[in-house]
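Have the sequence and the model open side by side. We will go through charged pairs and then a pocket.

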Amino acid sequence: MDMAYLIFNDQGGKETIPVDESAEFHLGRTNDNDLTILDDPLVSRQHCMIYLHSDENKFVLRDLNSSNGTVINEETLSGEEAFLTDGDKIKVGNAEFIFCIENPERFQTTSTSIIKFGKIKQGSETQENSVSQTHDTVKFRRIELPDRQDGGPVISLAKLESASSLTSGMEINGYKIVRTIASSEKATVYLAFQESVKRTVILKIFSIRSDFEAKLSFKELIQKIGRLSSPNIVHHFDCGTYDDFCYLVLGYMSEGSLEEKLSRYAPFTEKESLTMIRKIASGLNYAMAEHLLIHLNLKPENILFADSDEPVISGIGMSPWIARYYQHRRTYLFASPIYMAPEQALDHKADWRSDLYSLGIIFYEMLTGKIPFTAQDEQTLINKHISEKIIFPPNLSKEVVNIIRTMTAKDPEERFASWDAFLKATGSMSSDNKARPPQSHFGRPQPKLQQKTQLKFPSAGPKKIILKK
């Protein structure tokens, strides 16, 4: 097999990193990778790897379920694989490389934005202008394929057609769009870059055009939410309007959501689940006790993670504004029918105990990997929250079952009397919990070690083959 290389450009010129065919070559944000990329929030701890496919005798790029995917020739891999060919461009976060087979001098590089990059593991010797093998930070620049220029200038909008109409490179009020993260009928969420302070943020644009009253109410509400200061509540950096659309600027959570972790790793142990649920409850308790703010749309999608193991709650306090300007003062339609409290479904008065109910449903899902109620339509699912009992699997401890039953009582008066009462009950339970897993995979999920899939492929053609794991 001919020698393979990754090429990048540092301040001293072009650099090449050999890719060993006999071992996996890992790229990511932590020092246990073969190549460490620093100060880039788009890069996950273990982002991707390159290895030689034993049957095809070709190198393969595998995305390790990174938060933002790995891009190869403008195609994004998300937990997927692709064969590598000579001259392919790989993008990990904002860092770009060229993959080549032999003769790396064929490729020219261009200078664009500067990215920081950490050490290369001992044993991966570089060619030409060698990169330091120490922990000293080395700066390198993004590169392009030969005869290809970087993207065009930032596009500033005069008019916003809809909340979902922004594309990469567009800019509103100093926030440059990187990509769309999610879109719904209520809002569109973008990954954006705030040039003034050089940071990556989340830009959430609500889908309705707001009148003067709605804009004023939105601003006053966000000023109140922005005063929240808790390690378990997302930071609100800014808010505003653009062409009558209200928007929020939030802290970027690089490790994704609880929804993603549930889909990949659930069920979790009782110890893991209880620890996480108590941290979420502490954030909700603080918001209620200190600022009289509740959520009313608590779900795994709104529980996020950054670099630490701390869960961070998004969306606290927004329900009154959304209910008023989206749904003619009704509350339950805003909440997810999967996690909705019975009183919300009945359009009765909702309070902090509705969040306690939703958290109980999330607790159940973490422990079982399933939601307690399913149905073919939304109304049937809502009715089950109102009238049906939750069925618990036999492997759950009696203490956990009792806690969830109290959290999810149909009558709010039968739930815990306060967040403090819930934390006290679960605190004594956690101290008696005997589960001691050797290593938690919840807070810092690691790629699962597995034998490489041995698959037969058709003869290589011009189209790149994507392998689903």
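Arg353 is buried in this predicted model. Its relative accessible area is 17%, and the cut-off for buried is under 20%. Its salt-bridge partner is Asp351. The closest N and O atoms of Asp351 and Arg353 are 2.8 Å apart. Asp351 has 19% relative accessibility, so Asp351 counts as buried too.

Now take Glu185 and Lys186. These two also form a salt bridge. Here the closest N and O atoms are 3.7 Å apart, and the limit for a salt bridge is 4 Å. Are the two partners buried or exposed? Glu185 counts as exposed, because its relative accessibility is 67%. Lys186 is at 18%, so Lys186 counts as buried.

Next comes the pair of Asp244 and Lys215. Their salt bridge has its closest N and O atoms 2.4 Å apart. Which parts of the chain does the pair tie together? Asp244 lies in the loop between β20 (236-242) and β21 (245-251). Lys215 belongs to helix α1 (residues 212-225). The pair therefore ties together parts that are 29 residues apart in sequence. Asp244 has 30% relative accessibility and counts as partly exposed. Lys215, at 24%, counts as partly exposed.

Arg29, Arg45 and Glu255 are linked in a network of them. How many salt bridges does the model hold? The count comes to 15 salt bridges.

Turn now to the second largest pocket. About 1,200 Å³ of space lies in this pocket. Its lining is made up of 45 residues. Look for Ala182, Val189, Lys204, Glu301 and Asn302, which lie nearest the centre of the pocket.

Which elements give two or more residues to this lining? Among the strands are β17 (175-183), β18 (187-194), β19 (199-209) and β21. The helices are α2 (258-265) and α4 (319-326). β17 gives the most, with 4 residues.

What is the make-up of the lining by residue type? It divides into 18 nonpolar, 18 polar and 9 charged residues.

How values were computed. Residues numbered from 1 in each chain as written. Predicted model: local features only at pLDDT ≥ 70, side-chain atom pairs only at ≥ 80, totals over all residues. Heavy atoms only, no water. Salt bridge = Lys/Arg side-chain N within 4 Å of Asp/Glu carboxyl O. Buried < 20%, exposed > 50% of the residue type's maximum accessible area, 1.4 Å probe, protein only. 1 Å grid on protein atoms, 1.4 Å probe; cavity = no way out; pocket = protein on both sides within 12 Å on 5 of 7 lines; lining within 4 Å. Points joined across faces, edges and corners; volume = space filled by probe spheres on them. Nonpolar A, V, L, I, M, F, W, Y, C, P; charged D, E, K, R; others polar.
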